[in-house]
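Subject: Handing over the structure, with notes

Dear colleague,

I am passing on the structure that I have been reading, and my notes follow below it. Please keep the structure open beside the text, so that you can look up each place as it is named.

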Amino acid sequence: MKNLLGKIPAAIAGKLVEREENCRICNEKTGEQIAVVDYWDIKTSRLIKCPKCHHIQLDPMLNDAETSKGCLAYYIEESLRISKEEHIKNWIRNFRRGVVFGYSLKSKKISPRFVLELGPGSGYFSAGLQFVFPNAEITVMDVNREVLKFNREHHSYKTIQEIPDNFVPECAVNFDLVIARDIIEHVTDISKVLTNINRYLTPNGYFHFLTPNGHEDMWKHYLTSVLTNSPSELLINHVNYYDGKGLSKLLMQKGFSPVDYYTYNLKTTLRGAGWKKNKKLMSPVSKRTNADFFINEKVQEISSIDLTKKHVLNQWYVQSRATWLTFVYSIFKHFSIVRINPELNVGHEIYGLYKKE
Ligand SMILES: [Zn+2]
């Protein structure tokens with residue numbers, strides 16, 4: 001047992017290479033190559049680890065046109081792969097997570113009034129938050145028009161079409177809380193994004209994020225590289241792989257102080273992510289999947305989900321007159337007892353709640 005614990009997470013080694021672009025966090029010019037990845041048939045790039053700050057990112061980075069093409073292809077691929085029932089289940093799950101998050105704020109005596117969510121997806125996480133704080137006003141920012149349309153029609157949120165890397169002046173000092181769940185692994189320039197978020201917050205505002213543990217997330221690509229010596233497939237644009245220590249240091253540099261910072265969910269770790277050299281854990285060897293095929297042909301197979309919010313939330317435990325029931329059930333489904341320091345780089349996801357200093 002002691003032996004095994006010493007191996008988790010495994011140290012990774014890559015050959016020293018010249019980077020095309022400097023590290024976006026610390027501006028370092030050298031790097032270690034962890035893997036070669038094909039982003040669809042759009043771009044071949046490398047995962048490069050910074051020897052100074054340990055951040056792993058795509059080098060060269062995807063440009064905006066490549067990202068939006070791949071994201072559209074992925075959106076279509078995922079819509080076809082996941083059934084309508086599964087989509088709705090995910091929405092309800094996110095609603096419950098929003099409820100749990102809302103109550104965790106309440107227990108800290110935090111009551112946000114103006115909330116900005118970056119990349120809201122279905123918008124049901126913020127809907128859960130709004131269930132706890134009925135007076136909260138939600139604004140969502142996304143680059144995808146369909147996502148914004150859905151959020152307006154389902155939730156009546158205010159919408160802004162923009163990417164998190166670009167500063168939106170009318171958002172400055174406007175929000176008590178900014179939410180970015182499963183977003184920061186996708187952004188081109190994390191330094192810029194955190195600066196923007198800080199500027200959007202009111203004094204003493206809060207920033208909540210969720211992001212994969214970079215060490216486990218890159219493990220599948222690392223394995224493909226060391227076990228097959230081939231490029232691996234990258235269909236979802238994870239272009240950043242965060243080191244727990246490096247991320248917390250960056251957040252502090254950007255003017256945030258930690259309230260909650262932990263990793264949870266050890267299922268992936270127990271299965272071997274981050275330490276076990278097993279072919280089953282590899283990312284598939286790249287087939288250079290054709291993005292245009294999905295965008296031009298498969299798109300016709302998508303059927304829209306025309307359900308109202310009232311129908312989606314028609315669950316026995318969602319009761320506006322007995323909110324305690326909603327809370328107890330949501331906690332029962334989603335509360336994580338095991339909380340680990342992200343600096344150990346163990347566990348599936350990193351949860352953060354930070355305060356603007
Ligand atoms: Zn660096």
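Leaving aside its neighbours within four places in sequence, which residues is L105 in contact with? Before the reply, please bear in mind that this is a predicted model. Within it, L105 is in contact with I110, P112, L129, F133, L177 and L353, once the neighbours within four places are set aside. L105 has its place in helix α3, and because its relative accessibility is 1%, under the 20% limit, it counts as buried.

The nonpolar cores

L105 also belongs to the largest nonpolar core, which has 36 residues, and it is listed there with F95, F101, V115, Y124, L129 and L177 as those with the most contacts inside the core. The elements that give two or more residues to this core are α3 (84–107), α4 (124–132), β6 (137–142), α5 (145–155), β8 (175–181), β9 (201–212), β12 (256–264) and β13, and of these α3 gives the most, with eight residues. If you select Y124 and leave aside its neighbours within four places in sequence, you will find it in contact with W91, N94, F95, F150, H154, H155, K309, V312 and L313. Apart from this core lies another one, of 32 residues, and V168, C171, L194 and L251 are among them.

L251 leads us to helix α8, residues 244–253, whose buried residues are G244, G246, L247, S248, L250 and L251. These buried residues pack against α6 (190–200), β9, β12 and β13, and the helix is followed by G255, which has a positive phi, near 90°.

A buried aspartate and a partly exposed glutamate

Is D38 buried or exposed? D38, which is found in strand β2 (residues 30–39), is buried, because its relative accessible area is 4% and the limit is 20%. Not counting residues up to four places away in sequence, D38 touches K43, T44, P231, S232, E233, L234, S286 and R288.

E137 lies in strand β6 and counts as partly exposed, because its relative accessibility of 31% falls between the limits of 20% and 50%. With the neighbours within four places in sequence left aside, E137 is in contact with R113, F114, V115 and K158. E137 and E349 are 212 residues apart along the chain, and their C-alpha atoms are separated by 28 Å.

H334 lies in helix α12, and its side chain is joined to that of R96 by a polar contact of 3.0 Å. Besides R96, H334 touches R93, R97 and V100, not counting residues up to four places away in sequence. F335 has its place in the loop between α12 (323–334) and β13 (349–356), and because its relative accessibility is 45%, it counts as partly exposed. Together with I337 and V338, F335 forms a nonpolar patch on the surface, and the accessible area of the three is about 330 Å².

Backbone angles to look at

Most residues other than glycine have a negative phi, and most peptide bonds are trans. Against that background, which peptide bond is cis, with omega near -10°? It is the bond from I8 to P9, and P9 is found in the loop between α1 (2–5) and β1 (15–18). A cis peptide bond also joins D59 and P60, with omega about -5°, where P60 lies in the loop between β4 (56–59) and α2 (64–81).

K109 is not a glycine, although it has a positive phi of about 65°; it is found in the loop between α3 and β5 (114–118), and it counts as exposed because its relative accessibility is 77%. R288, which D38 touches, is likewise a residue other than glycine with a positive phi, near 50°. The place of R288 is in the loop between α9 (267–271) and α10 (291–296), and it counts as partly exposed, because its relative accessibility is 42%.

With best wishes

Conventions. Residues are numbered from 1 along each chain as its sequence is written. This is a predicted model: local features need pLDDT of at least 70, side-chain atom pairs count only at pLDDT 80 or more; totals for chains, interfaces and linings use all residues. Side-chain values use heavy atoms; hydrogens and water are left out. Patches are made of residues with over 30% relative accessible area and no salt bridge: like charges are joined within 9 Å, nonpolar side chains (Val, Leu, Ile, Met, Phe, Trp, Tyr) within 5 Å. Accessible areas come from the Shrake-Rupley method with a 1.4 Å probe; for residues, only the protein chains shown count as cover. A salt bridge is a side-chain nitrogen of Lys or Arg within 4 Å of a carboxyl oxygen of Asp or Glu. Helices (H or I, at least four residues) and strands (E, at least two) are DSSP runs, numbered from the N terminus. Buried means under 20% relative accessible area, exposed over 50%, partly exposed in between (1.4 Å probe, protein chains only). A polar contact is a pair of N or O atoms within 3.5 Å; within protein, one must be able to donate a hydrogen and the other to accept it, and residues adjacent in sequence count only if both atoms are side-chain atoms. Contact means heavy atoms within 4.5 Å. A nonpolar core is a set of buried Ala, Val, Leu, Ile, Met, Phe, Trp, Tyr and Cys residues joined through side-chain atoms within 4.5 Å.
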